[in-house]
Amino acid sequence: MNRLWYGATVAVLAACIFLAGQDQPLASNSQQTTATSEKIITAYTLPPDLYHKAHDRNRIHFHLALIDFAYGLVVLWLILRWKLAAKYRNLAEGSSSRRFVQSLVFCPLLLLTIGVFTLPLDFYGEVVEKRYGISVQGWGSWSWDWIKGQLVGLVIGTILIWLLYVVIRRSPGRAWFYFWLIAVPIGVFIFFLGPWVIDPMFHKFEPLQQKNPALTASLEQMVQRAGENIPPERMFWMGAGEKTTGLNAYVTGLGASKRIVVWDTTIAKMNNRQIVFVAGHEMGHYVLQHIYKGFAFFAPLVLLFFYLVHRLIGWVLARWGASWEVRSVDDWASLPALLFLLSLLFFVTNPVGSAFSRYLEHQADQYGLEVTYGLTPDSGQVAAQAFQVLGEVDLSDPDPNPVNVFLFYDHPPISDRVRFCLMYDPRNWILVPMK
Ligand SMILES: [Zn+2]
């Protein structure tokens, strides 16, 4: 799904996805060998050829992220300026007098237009990933994923947009608050639904016990050490290798449905001790309630955004509404203008969200070190090795542009994480009770 859709159409979902205990897919290159995975690590370093590849790719990603944002704004502006929003509204209003039916015409048209406009950037992003050997997905499969992503976006987006305009019509003055009250629980619901409904649309899952009994047993030890209850039946193997060479593992779900997911690529490139550290990091997100902390952080921020958009939209429509043929804020055609303002606010505050996320990730690293202490001989070294493998496979830049880190890094740079793992004494027992 394209970034614009996340960033703008469903602001609350963006926050949810951002908060997902699931770390970003970590990418790879085929030169990785298992021989390097158990070398003693003193710092995160890459051989010169990999260093240049990592540095170049990171620079491209940084520029792409900036272009993505600017281009997203241009697309919304063009949709207004070319009166596409007004045309879609006319079509919708001509189709029925019922608002719900109108939303079924207007929302898919508008969301698909945004999707098609931003497709070239999605496409270029994939070209880059292929060039650097990170994506191994065929174009047919990639296109099918793009279509599925658009469909999921259309369904969720249409429901939210319909609700938004119901609220705007009923209570124009307080719509920003009422819509927030509705959107936050929907965001939470979708976040928890994801692992069951959305993830299987894109990847294959199988019981980990069948694929790798030894790893399952090691993970079970760590889970017990964490004082959690995730039986082996709730540990899953995920087939990511047909699409990416990236590595990942994550913990997700609630209560009895908690689960650990390990990607097949991770199993292929890391040893069991390293995977247990990665899973321990993920367990940290879980035990330390990062999902709830994230919601507590973002929900008020989103409320503030909604309020600011509410304050600004009147002025924007008074100034340009007539030239866009947008009648008022309760007109369907005002949506691109609302999304424009929301995107702008998200971008401006992105560094705050990134810093908050980096803090949580750092805490999860610390938790991973503490929870694996005693289970592996030298948990700090094992963690550093895990990051070295991750960095080589992911082509993580050892020396990222600080502006990039400030704006977009939701994880600390890998060099910092390795340094911390090597110096931290897990017997501080700050996050995991001593045993
Ligand atoms: Zn994490």
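## Confidence

What is the mean pLDDT of the chain, and what share of its residues reach 70 or more? The mean is 88, and 90% of the residues reach 70 or more, where pLDDT is the predictor's confidence in each residue, from 0 to 100. This is a predicted model, in which local features need pLDDT of at least 70, side-chain atom pairs count only at pLDDT 80 or more, and totals for chains, interfaces and linings use all residues. Residues are numbered from 1 along each chain as its sequence is written.

Confidence is highest in helix H4 (residues 84–95), at a mean of 97, and lowest in helix H2 (residues 11–19), at 34. Helices (H or I, at least four residues) and strands (E, at least two) are DSSP runs, numbered from the N terminus. Where pLDDT is low, the predicted coordinates should not be read in detail.

## The sheet

Let's turn to the strands. An open sheet is formed by 4 strands in the order E1-E2-E4-E3, with mixed pairing; two strands pair if DSSP finds at least two bridges between them. Strand E1 (204–207) and strand E3 (249–252) each have a single partner strand, so one side of each is left without a neighbour in the sheet.

Strand E2 (residues 235–239) and strand E4 (residues 259–263) run parallel, joined by 4 bridges. Here methionine 235 stands opposite isoleucine 260 in E4.

## Two helices meet

Ala175, Trp176 and Phe179 are among the residues of H7 that meet H13, whose partners include Phe295 and Ala299; contact requires C-beta atoms, placed from the backbone, to lie within 7 Å.
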